Amino acid sequence: MFKSPSRHLKDTINGVFCCFWEDLGSCTSKNDFIVYQEMFGGRNKLNNANDVNNDKSFFGQPRGLSTLFFTEMWERFSYYGMRAILLFYMYYAVSKGGLGFSQTTSASVMSIYGSLVYLTSVIGGYVSDRILGPRKTVFWGGVFIMFGHIALALPFGAPALFISIALIVIGTGLLKPNVSEMVGGLYTEEDIRRDSGFSIFVFGINLGALIAPLLVGWVGSHVNFHAGFSLAAIGMFFGLLQYYLGGKKYLSKDSLYPSDPIEPKDARKLGWQIGIGVVILALILGVMALANAMTVDNVVLLLSIVAVATPVVYFVLMFSSNKVTKIERSRLWAYVPLFIAAVIFWAIEEQGSVVLALYAAQRTQLHLHLGPLAINLAASQFQSLNPLFIMLYTPFFAWMWIKLGSKQPTSPHKFAYGLAFAGISYLFIALPGILFGTAGKVNPLWLVGSWAVVEIGEMLISPIGLSVTTKLAPKAFSSQMMSMWFLADAAGQAINSQIVRFYTSATEVSYFLIVGAVSIVFGILLLLLSKWISSKMVGIN
């Protein structure tokens, strides 16, 4: 409706002073912000496009990259630190500071936890695009994460655990996809620093993930679990503090606003959809309670079904959409086997924090003597191997792909090789049990070797998968297709939550052989299908 000039002026002034008192984050519109800047210019050093192009204060990159680098580094520190000790906290006896859950339940909860983190990333993207804008979405995500770690730091048992899981799942879903989007927003499309900027950002992710298990793992094993979780909370606090202070100075004003603000009619529709979803969930849980089936294991099973069904629904919607052209539908068919391959790969790779963590605690020599030197390891510290090998391999693979140029393998071939390496990593870790039995403990180099092999697979699948997802995305579903890549990890970990139940020291050899063989067999099938997949890509290399 058209507003009178006086009414419009009054609304603008209100919006401007809302910006002033509430400090930018509450500006109701971009117009409010522009008027605010003109009236109070200089109070905040938010970048415009020219400022960003000329800013080279962080290793030749925009200063805002430093803010996002340390935000994600501290967030990954808190998450991977917590994850390094959470499994042990759940299944250790109460007398040892744990919760006394069974090993199978603990392993399932760990897997579904990781699945939900990636599942809610889809929601985080929507909240940023339609409601809050990326900067506020990332901030509130960090707040949820911090309070989730604080809940675990308090000695309130299982209720605190489940509250923490809910908070961190929501928080990570809000933060993780949007902080990466904000990195892209630091550069224009023509800025040649863009790729190197993302490389620096990814280094920050792996740096946080590398340090966290070493520090939090040591505190968790030498002091107590709650002290370890406190360290994770402190890490997220530092991340939030520098994000808030640095963001006001160095991040673009555009990050304060949603890119596609939700309309009132859409908001009402969304409200109805959420309400219906809540009612359906309440009915399912009510039926489970009446049937005396309300157990942790059954709730995990329910969530696993949701996580696996979600990408299936996405595919059905895209294939049936009138907005998808014939060529785009062909490319979608090419993406299906690659997506399944990604699910299988992530199912194996993500078992590092579950199955391999159990192997480290139960089957690995943690007290070593190298001559006069005594080395005492914590099982949780092996979680640093994942980011360590990624950091070691990345420069080599980047050089190799450039060196090979047009002679490098196709994307389907890279996926096939990645699955083969994932399978071989499990065949490798099965060898100690085959050669020496499963009663004793083995040299930690077996575990190091297994991680070294599977991370080669990650270098062949993870960055290639991100690239091919963007290339094969239908134009009308470009954002949703990026969500699909997260859903591959969510589905893989959801499957994990059911199959990790079969792992024990007694079943160790058969478990590793079967899971490894499945990955290798599917890799061979993908290799045989590679020509068909490439033909379906229709012009995409």
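Author: A crossing of two helices is called left-handed if the near helix is turned anticlockwise from the far one by less than a right angle, and right-handed if clockwise. The model discussed here is predicted, with local features needing pLDDT of at least 70 and side-chain atom pairs counting only at pLDDT 80 or more, while totals for chains, interfaces and linings use all residues. Residues are numbered from 1 along each chain as its sequence is written, and side-chain values use heavy atoms, with hydrogens and water left out.

Reader: Which handedness does the crossing of H14 and H19 have, and why is H14 called roughly antiparallel to H19?

Author: The crossing of H14 and H19 is left-handed. The axes of H14 (residues 355–363) and H19 (residues 508–536) come within 13 Å and cross at roughly 150°; angles over 145 degrees count as roughly antiparallel, under 35 as roughly parallel, 65 to 115 as roughly perpendicular and the rest as oblique, so H14 is roughly antiparallel to H19. In this crossing, Val355, Leu356, Tyr359 and Arg363 of H14 make the contact with Glu508, Tyr511 and Phe512 of H19, where contact means heavy atoms within 4.5 Å.

Reader: Why is serine 425 counted as buried, and what makes asparagine 292 exposed?

Author: Buried means under 20% relative accessible area, exposed over 50%, and partly exposed in between, with a 1.4 Å probe and protein chains only. Serine 425 has 1% relative accessibility and therefore counts as buried; this residue lies in helix H16 (residues 411–436). Asparagine 292, by contrast, has a relative accessible area of 72% and is therefore exposed; its place is in the loop between helix H11 (264–290) and helix H12 (296–320), and it has a positive phi of about 55° although it is not a glycine.

Reader: Why is the pair of tyrosine 92 and phenylalanine 225 called edge-to-face?

Author: Rings of Phe, Tyr and Trp (its six-membered ring) pair if their centres lie within 6.5 Å, and planes under 30 degrees apart count as stacked, over 60 as edge-to-face and the rest as tilted. The ring centres of tyrosine 92 and phenylalanine 225 are 5.7 Å apart and their planes stand at 75°, so this pair is edge-to-face. Tyrosine 92, at 27% relative accessibility, counts as partly exposed, whereas phenylalanine 225, at 7%, is buried.

Reader: What makes phenylalanine 101 and phenylalanine 162 a stacked pair?

Author: Phenylalanine 101 and phenylalanine 162 lie 6.4 Å centre to centre with 20° between the planes, and the pair is accordingly stacked.

Notes: Axes are lines fitted to C-alpha atoms, for helices over the stretch in contact, and angles run from 0 to 180 degrees between N-to-C directions. Helices (H or I, at least four residues) and strands (E, at least two) are DSSP runs, numbered from the N terminus.
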